[in-house]
Amino acid sequence: MRLSRRALLTATAAAGLATAPAAPTPAPVPAAATGDRPRTGFDRLRSAGYSLLHGHRVGIVTNPTGVTTDVRHIVDVMHADARVNLVAVFGPEHGFRGTAQAGGSEGRYDDPATGLPVYDTYLKSGQPLADVFTASGVDTVVFDIQDVGARFYTYIWTLYDCMEAARLAGKRFVVLDRPNPVTGRAALGPVLHKEFASFVGRQPIAQAHGMTVAELARLFNKEFLTKPVALETVLMSGWKRSDFYDASGLPWVPPSPNMPTADTALVYSGTCLFEGTNLSEGRGTTRPFELLGAEGLDGRWAGAVGGLGLPGVHFREAYFAPTFSKFEGTTIGGVQIHVNDRAAFDPVRTGIALLVTAKKVWSGFAWRSDHWIDKLTGSTGVRTMIDAGATTDEVVASWRDELAAFRRTRKEHLLYG
């Protein structure tokens, strides 16, 4: 039996803050040092009695990842608290309650659990999205969504679009920070070229950006928005740039249907590139983006990529039958990625190596006909170099200068040690 979105939603219904003001105002006060586990921006907002939101009609952009440490949704918590005037919710791709698959959303409806109006932001930007904010009657737009650290994961562009729309609508914008689950140690991979801008990359940042959403918001505000929005960010406490998600002690809620674990996020910034090919990226399996394959592939691929000696990872010959998406219901061959040293693992280099070796060992290899790979990598460079027979090292070297320039810009907006 298939439940409709509305039926599913109805069924599921029965101390001070460290803030970062809009650039170029002075740098934010650092989050207070603590020996406890990290506290999210929302945790700190609530513990301060929502003082940052007093006197404002508040709307929040969030999804199922907007939860407290005891996995209550922050919309439910805020709605029940007289100290905050929450009047609207804005849902991104997959929806506020998370009932939609990739490329879908929940539309406009009233949330059965709270009665709050839920507005759809998916595929809206600029003045149309500003009009949504205006129609909602909010004074302040709050953003709280868990990111996974990759340029082509669309929630950071929902952040960007909402910041620009809030500016156009004259609204204040507040970002509640959460950890980058794959650490904030470094930026990796090619930088988007503006002519390849899309919803999987609006602006020229690295493929693995190594930033939190609050840091990205400050970067967007200074470097990319037409004019700055009235921005404040509520920082985490207790989070370090070297921390993987499990160090946080926070519950993992899948940010989207094919991001089931923090391990998925670890490989995603590299293996999502297989969306741009005729190989399965593991959608329709229990290990999306860790299982890769196609009909006709066999153990030669695992042998070829394993022979490169890539740091921090092993490759196992694997066979699987996706339940949906590419090769639905067909048993195919390929590899499973096993990360054995997270600190040494480079997801982007690994993704390139997998593309290079797949093309060498499988005569059926092809790019998607719409050259979606160019949107994912941010230029024609990766595709044309691999087609020309370039090695993994040659492809990775090709973005050295643009990545170095991005790293310099990125450094100005980092908020944690």
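In the tallies below, Ala, Val, Leu, Ile, Met, Phe, Trp, Tyr, Cys and Pro count as nonpolar, Asp, Glu, Lys and Arg as charged, and the others, Gly among them, as polar. With that in hand, the lining of the second largest pocket sorts into 11 nonpolar, 4 polar and 3 charged residues. Please keep in mind that this is a predicted model.

- The largest pocket holds about 410 Å³ of space. It is lined by 24 residues, and Glu93, Ala102, Thr154, Glu275 and Arg283 are the closest to its centre.
- Sorted by class, the residues lining the largest pocket are 13 nonpolar, 5 polar and 6 charged.
- For the second largest pocket, the volume is about 230 Å³. Of its 18 lining residues, Val182, Thr183, Arg185, Leu188 and Pro347 are the closest to the centre.
- Helix H7 (residues 262-271) gives the most to the lining of the second largest pocket, contributing 3 residues.

**Cavities**

- In the largest cavity there is about 90 Å³ of space. Its lining is made of 13 residues, and those nearest the centre are Thr65, Val67, Arg178, Tyr245 and Pro251.
- The class count for the largest cavity is 6 nonpolar, 5 polar and 2 charged residues.
- The second largest cavity has about 30 Å³ of space. Among the residues that line it are Gly91, Pro92, Phe96, Glu106, Tyr109 and Asp120.
- Strand E5 (residues 117-120) supplies the largest share of the lining of the second largest cavity, with 3 residues. By class, this lining has 5 nonpolar, 4 polar and 2 charged residues.

**Helix H7**

- Helix H7 is largely enclosed by the rest of the structure, because 8 of its 10 residues are buried. The buried residues run through Thr264, Ala265, Leu266, Val267, Tyr268, Ser269, Gly270 and Thr271.
- The cover over these buried residues includes strand E9 (206-208), strand E11 (291-294), strand E13 (332-339) and helix H9 (347-361).
- At the start of H7, Thr261 brings a side-chain oxygen to within 3.2 Å of the backbone nitrogen of Asp263.

- In soluble globular proteins, nonpolar side chains tend to be buried together.
- Here, the largest nonpolar core has 102 residues, and Leu159, Phe173 and Trp301 touch the most other members. Helix H5 (residues 155-169) provides the largest share of this core, 10 residues.
- Another core, of 22 residues, lies apart from the largest one and has Leu52, Val58, Val142 and Val174 among its members.
- Leaving out residues up to four places away in sequence, Trp301 touches Phe274, Leu279, Leu292, Gly293, Gly334, Val335, Leu354, Thr357, Ala358 and Val361.

**Two loop residues with positive phi**

- Phe327 is not a glycine, yet it has a positive phi of about 60 degrees. You will find Phe327 in the loop between strand E12 (313-320) and E13.
- The relative accessibility of Phe327 is 23%, so this residue counts as partly exposed; buried would mean under 20% and exposed over 50%.
- His371, also not a glycine, has a positive phi of about 55 degrees. His371 sits in the loop between H9 and helix H10 (372-377).
- With a relative accessibility of 33%, His371 counts as partly exposed.

Key. Residues numbered from 1 in each chain as written. Predicted model: local features only at pLDDT ≥ 70, side-chain atom pairs only at ≥ 80, totals over all residues. Heavy atoms only, no water. 1 Å grid on protein atoms, 1.4 Å probe; cavity = no way out; pocket = protein on both sides within 12 Å on 5 of 7 lines; lining within 4 Å. Points joined across faces, edges and corners; volume = space filled by probe spheres on them. Helix = DSSP H or I, 4+ residues; strand = E, 2+ residues; numbered from the N terminus. Buried < 20%, exposed > 50% of the residue type's maximum accessible area, 1.4 Å probe, protein only. Contact = heavy atoms within 4.5 Å. Polar contact = N/O pair within 3.5 Å; in protein donor to acceptor, adjacent residues only side chain to side chain. Core = buried A, V, L, I, M, F, W, Y, C linked by side-chain atoms within 4.5 Å.
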